[in-house]
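Here's a quick look at a ligand site and some aromatic packing. Have the viewer open as you read.

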Amino acid sequence: MKDKGKLFVVSAPSGAGKTTLVREVLRRFPDLSYSVSHTTRDPRSGEVHGKDYFFVTHQAFTDLVEQGLMLEWAQVHGNCYGTSKSFVEESLEKGLSLILDIDVQGARQIMDSDLKPVSVFIMAPSMEVLRQRLESRGTDSREVIDLRLKNADQEIRQKNIYDHVIVNDRLDRAIDEICALFASEIGGASRIPMENKG
Ligand code: 5GP
């Protein structure tokens, strides 16, 4: 019988560079899959339905929760976000390893389940750097940035519940660190797909 896949939970305050790091991990470990979450947040420019998120209405989200179809869900920065139960369970059953990019509340729910995730928290070197990154991203209003920074402080206080903490002070070093961690968990050296090799 095939071994079950491994489940990875990655959390970070907004602006810590999590998306870049997760993208790089997925590029280097082609056997790893990404769980696309559902959200009630509006799409940002360039975001694609079904790839970045499943963008749904509040009513559709509530229906999914009430039907028991969410493995975990939480309200984050004023919107709802959740992970599809069937996608995660079926992937792990097939032996596929998965990354969930979810907030601390969702991570706690997964840690309290019997799924035994490997959990990783990514931090920016300081709140000032976080603010600068959120401002230069240019995707959020002043109110949203302030809310995200306030929530970041709350999230950072809970970093010790995670198995691993990575400080994203220099991107190349943080990439090496997170890839080494995944290599040790799912075996083998991180592989760069042929088409991406220099
Ligand atoms: P953003 O709006 O910047 O894409 O994401 C905001 C926050 O929601 C991030 O911390 C992200 O990890 C979290 N998030 C994304 N998907 C999920 C999910 O399915 N469940 C939970 N609990 N949080 C999520």
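Predicted model: local features only at pLDDT ≥ 70, side-chain atom pairs only at ≥ 80, totals over all residues.

What follows covers the model, the ligand site and the aromatic pairs.

## About the model

Numbering starts from 1 along each chain as its sequence is written, and side-chain values use heavy atoms, with hydrogens and water left out.

## Around the ligand

The ligand is surrounded by 18 residues (a heavy atom within 4 Å), and the closest are Lys 18, Ser 37, Arg 41, Tyr 53 and Tyr 81. By type, that shell has six nonpolar, five polar and seven charged residues; Ala, Val, Leu, Ile, Met, Phe, Trp, Tyr, Cys and Pro count as nonpolar, Asp, Glu, Lys and Arg as charged, and the others, Gly among them, as polar. Strands E5 (70-76) and E6 (79-84) each supply at least two of the shell residues; strands here are DSSP runs of at least two residues, helices of at least four.

Arg 148 puts a polar side-chain atom 2.8 Å from one, a polar backbone atom of Gly 82 is 3.1 Å from one, and an N or O atom in the Thr 83 side chain is 3.2 Å from one.

## Aromatic pairs

There are six aromatic pairs (ring centres within 6.5 Å; planes under 30 degrees apart are stacked, over 60 edge-to-face, the rest tilted). Phe 29 and Phe 182 make a tilted one, 6.2 Å centre to centre with 45° between the planes. This pair links distant parts of the chain, 153 residues apart: Phe 29 is in the loop between helix H1 (18-28) and strand E2 (32-34), Phe 182 in helix H7 (residues 171-186).

Conventions: Polar contact = N/O pair within 3.5 Å; in protein donor to acceptor, adjacent residues only side chain to side chain.
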